[in-house]
Amino acid sequence: MKNKITKYYPLIPLLAAYLLLLLIGKNISGMWQLVAMLIFYCAMGQAFNIFLGMTGYVDFGYVAFMGVGTYGMALAITHLSHIKGLGILIIIIGFALAIVMSTLLSMAVGAVALRLRGAYFAIATIGVNEGFRFLIEGARIWNGSEGLIFTAQLNQILGRETASSLMTFWADIIVLIIAVLAAFVTLYYMKSKIGYALTALREDEDAAKVMGINVTKYKIIAFITSACFAGLVGATSWALKTPYVFPPEVFEIHYTIEAIIIVLLGGAGTLLGPVVGGLIYGISKYYLAIFMPGFQLLIFAPVIIIIIVLFPEGVVGMLKRRVKGSALAKFII
Amino acid sequence: MILEQLAGNLIQGLVLGAVYGMATMGLSLIFGVLKVVNVGHGAFIMVGAFVTLWLFNTLGINPILAVPVAFAIGMGLGFIFYYTTMQRLIKAPELATLLATFSLGILLEELIKLIFGSEFRGYNWVVGKINIGVTVFPMAKLYACIGSALIAVLLYLWFNKTRAGSAVRSVVEDSEGARVCGINVGGAYALSFSLGIGLTVASGVLLTMFIPVGINPYMGGGYTLKAFVIAVLGGLSSPYGAFFGGLVFGLIENGSYTIFALLPGVEPFALTRFLSFVILLAILLIKPTGILSRK
Amino acid sequence: MKKSYFKTALIFIAIIGFFVSANAIAAPKKLVIGHPACLSGKYAKAGEQAIGGIKACVDWVNNVYAGVLVGKKRIPLKYKYYDCESKKESVTSLIGRLITVDKVNVVFSAYSSGLTLRGAPVAESHKMLYMDHGGANNKIFRQGFRYIVQTIGPATRYHEGTLNMIHKIDPTAKKVALAYEDSEFAKMVMHGAEKHAKKLGFNVVFERTYPKGVTDLTPLLSALKASNPDFILGGGHFEDGQLFNRQMADLGINSNALSLIAAATLPAFYKALTSMAEGVMGPSHWEYGVKYSAQEAKKVKLPWIGPSQDEFVALFKKALGKNIIPDYHAAEAAAQVLAYVLAVEKANSIDSDKVRAALGDLTFMSFYGGWDVDETGLQVGHSMVDVQWQDGKRVIVWPEEAQTGKPCYPMPTFAEKAKGKVAVPK
């Protein structure tokens with residue numbers, strides 16, 4: 001019994017961090033949009049971490065799942081808005097569509113790319129991301145490169161005021177909920193058979209296979225879960241909060257890189273890592289943009305290199321090692 | 001009419017493919033020896049383009065002469081990056097090396113932007129044209145093609161006829177074995193990394209001979225993605241494989257355009273790129289050693 | 001053990017303190033323009049120009065115009081900008097900060113239609129005036145935003161002037177080829193051009209797109225050559241325009257006229273292509289050399305405001321500390337400053353609703369040309385000019401009332417140009 005509760009202790013600092021963010025955003029004026037950005041980075045990191053952190057596979061095409069999730073929501077809004085009386089149901093259908101589409105894509109990618117390892121996997125996933133984008137543009141699927149713009153439809157569905165508060169406030173709350181859900185799932189996976197199997201896989205995939213672990217099954221579970229959360233983040237941040245979709249923007253490889261940076265900063269494979277990484281990344285980016293406009297990338301790039309070289313296990317990874325054996329160890333994984 | 005266009009495009013594709021191939025050899029060399037994918041590849045091509053531009057526009061130096069200059073600069077950059085960063089990451093997981101090389105790319109882009117600004121530039125090197133009936137070639141394009149082939153041959157000779165080359169080769173085949181045989185594996189890593197970067201920067205010069213406009217700090221991204229496809233075509237770890245991969249890629253890209261353009265309501269260029277990524281996935285799945293290898 | 005809890009608490013307090021202190025800047029009596037500028041990232045080039053243009057006009061308003069007249073008092077205009085890195089996440093968070101922390105009175109959008117759209121809901125929810133000088137997509141103004149006003153003209157009209165011109169000077173020209181970038185902006189230009197061409201009785205013999213970031217247009221151009229058009233319209237952004245022109249020269253494709261959007265009017269275009277760019281045209285919102293002046297404004301009975309063209313260029317160079325000629329990105333951002341100042345004075349208030357209403361009624365002329373918006377905020381008063389490269393100089397060839405020179409039509413062939421022939425009208 002006791003064991004069951006202590007299992008969930010690490011959620012305490014995580015939830016505390018999110019609560020603090022929420023309080024800051026709500027109570028200090030001018031902070032909400034910053035908090036929204038931080039939540040977005042944390043959520044993106046959480047979703048990415050489920051797969052990368054647990055398996056060690058680098059999915060360079062991760063943003064594709066966010067992209068199809070965005071399209072799922074966008075398609076629901078643009079295609080259903082003329083049906084009267086659906087109202088908020090359209091948004092729910094949008095989320096369902098986002099999940100279905102990202103799951104389908106991740107199954108297709110998983111079936112193909114998960115047979116590969118290391119750099120081959122990374123390149124294959126880049127290929128999927130770019131290929132998918134060019135398919136949309138080339139075959140003019142979903143309005144091709146002209147994209148979809150749908151603030152007007154959103155207004156029509158929800159009414160002006162509701163739509164406006166959805167775009168500027170509730171969408172961010174939904175992202176926060178997604179981030180917390182992703183954290184729960186991460187913890188659940190870590191403490192269950194899946195986690196142990198994936199740890200074995202990360203250490204030595206061949207040995208894990210020999211031991212009789214069904215490596216492929218667990219890899220695919222983690223992959224699909226990660227993709228689903230990515231799709232949800234996309235549907236919220238890039239469709240509800242940003243009421244347009246242009247293919248080059250939602251398949252932009254830089255977001256994958258950002259997700260990698262966040263996970264690596266915080267510590268790959270840890271529960272708290274993406275939150276810590278997302279906060280560090282978002283806050284430093286924001287204040288660099290304010291105090292040194294135009295130079296943030298020039299400063300960021302060498303800093304990241306230094307971090308990779310000197311602190312490869314990330315902030316939480318280091319903390320974990322420090323507190324090993326102490327009472328705090330229960331809280332940090 | 002269509003056939004004539006197809007023929008013209010295929011010949012253009014072959015010439016462009018040689019340059020593409022050359023532009024990928026560095027990527028393949030680095031992957032072959034260090035097992036590191038240089039995600040910042042395009043940024044090094046961009047550096048080469050700026051070297052050419054600067055030499056031509058301020059000093060009036062012939063772009064052909066810019067090739068060795070760019071190569072030397074690339075070797076220098078390679079050595080610096082190897083000893084400050086890559087050396088410590090050789091045994092690290094992919095995640096670290098992918099992110100490190102990507103960050104190096106960003107660093108270069110931002111530095112170049114700081115020095116040259118974000119303007120789109122170009123240069124005009126007039127050396128005449130040649131008409132072959134189905135299409136027209138500026139001589140600069142042909143020089144770029146010949147230069148690329150020449151560099152591929154030189155690299156082949158270096159690998160097979162010099163001591164340093166064979167040392168690197170033995171590291172590719174079995175780094176532990178090479179270490180036992182008394183080969184300086186660390187040195188071979190450093191040499192191949194900087195050689196790879198040198199080749200990539202030099203290829204930037206040749207690419208601008210082919211396309212001497214649109215030179216700006218962020219021009220490299222598209223070339224990185226193309227280089228991935230080409231490298232996979234050539235088996236990912238073989239520099240000459242990459243060269244021939246480039247030829248095949250040029251033919252596919254230009255050839256399929258003419259065919260896709262016959263379909264109504266599509267964007268043919270985007271479809272050629274879609275096709276190239278489909279081919280990438282297919283090769284990775286069926287024959288990850290590349291379509292040209294005998295293994 | 002206790003100690004580490006204490007430490008954690010301390011860190012939390014420090015974080016909160018950081019947020020609070022960042023928040024404690026009080027706003028004195030002044031007008032502030034907020035701008036999530038694109039200083040780095042993919043729109044860095046346009047972003048730098050916009051900042052220079054805004055700074056130049058803010059300088060003019062404060063030092064020549066002696067401040068903005070509100071309630072019988074002249075108050076200074078300030079400009080606050082951050083770098084959004086051309087990324088949407090930053091756009092919203094920075095607009096949030098500009099509105100609530102810096103207490104700006106108006107927000108100027110980031111460059112591009114996408115980033116403009118991303119920021120609109122945030123500005124809207126704060127009932128903040130949102131002025132668009134970088135998003136040309138007409139659809140932005142069909143989304144029901146109430147606080148958005150456009151300075152840049154709508155994309156559908158970019159190539160109308162060029163078509164009108166050729167229609168007039170060469171009645172024998174019938175076949176037009178369209179080849180645009182496959183992006184939301186360029187596609188919209190293409191649809192507008194296609195519609196207008198058909199209206200004028202032209203025959204569209206070739207119509208194709210190419211994707212963003214293309215590095216070789218040879219296959220498209222050889223197909224274009226086969227269609228044998230009288231003149232060619234196309235383009236998208238900067239790099240593809242250069243590529244388009246260059247590869248036409250490489251393949252020896254000649255035509256009576258070539259007009260490219262975005263790229264052709266910039267000095268960098270000629271610098272990169274030199275003689276190959278001779279005779280090439282491009283539509284532009286504004287170009288150095290346009291003839292808008294106080295006298296011109298009097299003729300068309302519009303109020304005039306702002307620096308003269310040469311004053312603007314001098315201020316622009318001073319603002320950026322670089323010796324570069326401003327392009328239309330700078331001019332439209334600068335004109336937007338003037339529009340805002342006039343609207344504030346007209347409304348005699350800094351309240352967003354009142355200023356927005358005043359902007360709706362406002363018409364004026366500045367060095368940028370006319371300015372007038374319809375009820376949705378779409379710019380309708382600004383007409384574009386067509387520029388042609390003649391002997392290394394940009395000459396405004398259309399519309400006739402703005403001409404600084406006659407068009408050179410047909411332009412010389414690439415072979416002639418390579419031999420040093422320049423495009424000068426007969």
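Visitor: With a relative accessibility of 36%, as what does Val303(A) count?

Guide: A residue is buried under 20% relative accessible area, exposed over 50% and partly exposed in between (1.4 Å probe, protein chains only). At 36%, Val303(A) therefore counts as partly exposed. Val303(A) belongs to helix H15 of chain A; helices (H or I, at least four residues) and strands (E, at least two) are DSSP runs, numbered from the N terminus. The model is predicted: local features need pLDDT of at least 70 and side-chain atom pairs pLDDT 80 or more, while totals for chains, interfaces and linings use all residues. Residues are numbered from 1 along each chain as its sequence is written, chains are lettered from A and ligands numbered from 1 in the order in which they are written, and side-chain values use heavy atoms, without hydrogens and water.

Visitor: Which residues form the nonpolar patch on the surface?

Guide: A patch gathers residues with over 30% relative accessible area and no salt bridge; nonpolar side chains (Val, Leu, Ile, Met, Phe, Trp, Tyr) are joined within 5 Å, like charges within 9 Å. Here the patch consists of Phe291(A), Met292(A), Phe295(A), Ile299(A), Val303(A), Leu111(B), Leu114(B) and Ile115(B). Together they have about 730 Å² of accessible area, computed by the Shrake-Rupley method with a 1.4 Å probe, only the protein chains shown counting as cover for residues. Helix H15 (296-310) of chain A and helix H4 (94-116) of chain B each supply at least two residues of the patch, and H4(B) gives the most, with 3 residues.

Visitor: How many residues does the contact take from chain A and from chain B?

Guide: Contact means heavy atoms within 4.5 Å, and 39 residues come from chain A and 39 residues from chain B. Buried area is the accessible area (1.4 Å probe) that two parts lose on being put together, summed over both. Chains A and B bury about 3600 Å² between them, 86% of it on carbon and sulfur atoms. Of the area that chain A buries against chain B, Tyr120(A), Ile123(A) and Phe134(A) supply 18%, more than any other three residues.

Visitor: Which elements give two or more residues to the side of chain A that touches chain B?

Guide: They are helix H6 (118-138), helix H13 (253-266) and H15 of chain A. H6(A) gives the most, with 15 residues.

Visitor: Where do Lys187(C) and Glu146(A) lie?

Guide: Their side chains meet in a salt bridge (3.1 Å, N to O). Lys187(C) lies in helix H6 (residues 184-199) of chain C and Glu146(A) in the loop between H6 and strand E1 (148-149) of chain A, so the pair joins two chains. Lys187(C) is buried, at 4% relative accessibility, and Glu146(A) is buried at 16%.

Visitor: How many residues apart are Asp172(A) and Lys241(A)?

Guide: In the salt bridge of Asp172(A) with Lys241(A), the closest N and O atoms are 3.3 Å apart. The pair links distant parts of the chain, 69 residues apart: Asp172(A) is in helix H8 (residues 160-191) of chain A, and Lys241(A) in the loop between helix H11 (215-240) and strand E2 (244-245) of chain A. Both residues are buried.

Definitions and conventions. A salt bridge is a side-chain nitrogen of Lys or Arg within 4 Å of a carboxyl oxygen of Asp or Glu.
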